[in-house]
Amino acid sequence: MRTATATAAAVTTTLIGAGAAAVAAGRYAADAALRNEPGRPLPGSPRLSVHSVADGRVVLTRSLASLRPGAYGLTAPGVHAVVGPVLDEDPAAPDTVVRRLTAVTHGSLDPGTRVTLTPQVHLGNPRTALGLDHADVDVPGELGPLPAWFVPGARDTWVITVHGLGAGREHPMVVMPFLWRQRLPVLDLAYRGDLGAPASPDGIGHLGESEWRDLDAAIRYAVRYGARRVVLHGWSTGGAMALHAVERSALAGRISGVVLDSPVLDWHTTLRALAAARRTPAPLIPLAVRAAEGRAGLRADRRPPGSDPGALRVPVLIFHGPDDTLAPWEPSRRLAAARPDLVTLHTVRNAAHGAMWNADPARYEEALRRFLVPLM
């Protein structure tokens with residue numbers, strides 16, 4: 001009897017120890033998933049080899065990513081380049097793809113370089129990358145000054161752009177030339193956790209749950225300096241921040257419209273994808289997701305952004321598509337179906353997360369123009 005009791009106690013202790021270790025590992029994985037690391041490749045961004053570069057063409061490893069239509073950045077440590085469409089007329093080996101090489105903006109793109117296709121096309125700031133005059137400004141935030149780029153325009157409706165996961169304020173520069181041509185002032189915001197901005201108190205991202213208050217600070221800044229109305233344009237978690245601002249901001253009455261690109265409206269699925277991308281062992285992913293939801297304040301009593309369609313009071317344009325593996329587009333479809341009076345869904349196929357503009361810039365900007373004209 002004593003032996004059986006001792007054995008049972010040992011097994012129980014072992015199970016408790018294993019359970020505690022699993023919980024600890026889940027918490028570690030949760031922190032890894034929530035760390036804000038701009039420039040770190042997101043899920044669905046495989047590394048590709050450069051096979052050759054010549055005469056405005058680059059030959060890359062053939063994959064679903066390298067075959068995507070449109071314009072993208074190519075990044076590697078110390079390297080940034082811009083590629084255009086696939087050149088079908090050029091001969092290529094069965095395992096390679098030829099794309100137009102638009103520019104090498106930093107470093108050297110040499111054969112053998114391992115690169116990642118990214119939605120970030122521009123490097124630098126609006127002046128160095130686009131030739132647009134801008135001012136470096138500080139937006140007073142609750143944690144401290146938030147750096148932002150301000151591109152002036154003649155209208156009194158401002159567009160506030162806010163990036164998402166794995167990106168920085170260079171990513172929204174893809175739409176700046178278009179917005180500049182519409183004479184719309186643009187405030188491109190860096191928020192907590194970004195380079196040059198205050199760190200989040202716990203050092204992790206919250207998928208917009210706390211970050212939206214930095215966007216709220218940007219709205220206040222815009223109104224203070226002459227904006228009569230603002231349009232919020234958010235990518236990924238920036239889209240979640242924009243919807244939170246519509247629902248919670250004391251200045252929501254100044255928001256005349258919202259543009260969402262690849263919005264994170266289902267944080268559970270996004271956290272699973274992030275945990276998997278950080279090489280979390282499959283058995284630990286459910287623990288990591290639960291731990292991440294707790295760490296980020298995404299409790300059961302907190303509703304995801306956009307979950308109450310009745311809370312919308314302004315027009316919303318959503319760019320999203322079925323190939324987004326990080327932020328599923330089904331919640332976007334449901335939101336558009338629930339509020340057809342206010343929400344327009346522009347479906348973009350063959351586009352990765354945050355790359356809706358990249359897949360077809362002309363169609364993206366035409367849809368954006370039609371949306372913005374009544375709001376200017």
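**Entry 1: D324.** I looked up D324 in this predicted model and found that it is buried (under 20% relative accessible area, 1.4 Å probe, protein chains only) yet has no salt bridge. A salt bridge here needs a side-chain nitrogen of Lys or Arg within 4 Å of a carboxyl oxygen of Asp or Glu; the nearest side chain of opposite charge, R68, is 9.0 Å away. Lys and Arg count as positive, Asp and Glu as negative, and His and the chain ends are not counted.

I placed D324 in the loop between β13 (316-320) and α8 (330-338). Helices (H or I, at least four residues) and strands (E, at least two) are DSSP runs, numbered from the N terminus. I noted that a polar atom of the D324 side chain lies 2.9 Å from the backbone nitrogen of L326.

**Entry 2: the sheet.** I traced an open sheet of eight strands in the order β7-β8-β10-β9-β11-β12-β13-β14, with mixed pairing; strands pair if DSSP finds at least two bridges between them. β7 (135-141) and β14 stand at the edges with a single partner strand each, so one side of each has no neighbour in the sheet. I then found β12 (residues 255-261) and β13 running parallel, joined by four bridges. D261 has F319 in β13 as its bridge partner.

**Entry 3: T344.** I located T344 in strand β14 (residues 343-347).

**Conventions.** I number residues from 1 along each chain as its sequence is written. Local features need pLDDT of at least 70, side-chain atom pairs count only at pLDDT 80 or more, totals for chains, interfaces and linings use all residues, and side-chain values use heavy atoms, with hydrogens and water left out.

Definitions and conventions
Buried < 20%, exposed > 50% of the residue type's maximum accessible area, 1.4 Å probe, protein only. Polar contact = N/O pair within 3.5 Å; in protein donor to acceptor, adjacent residues only side chain to side chain.
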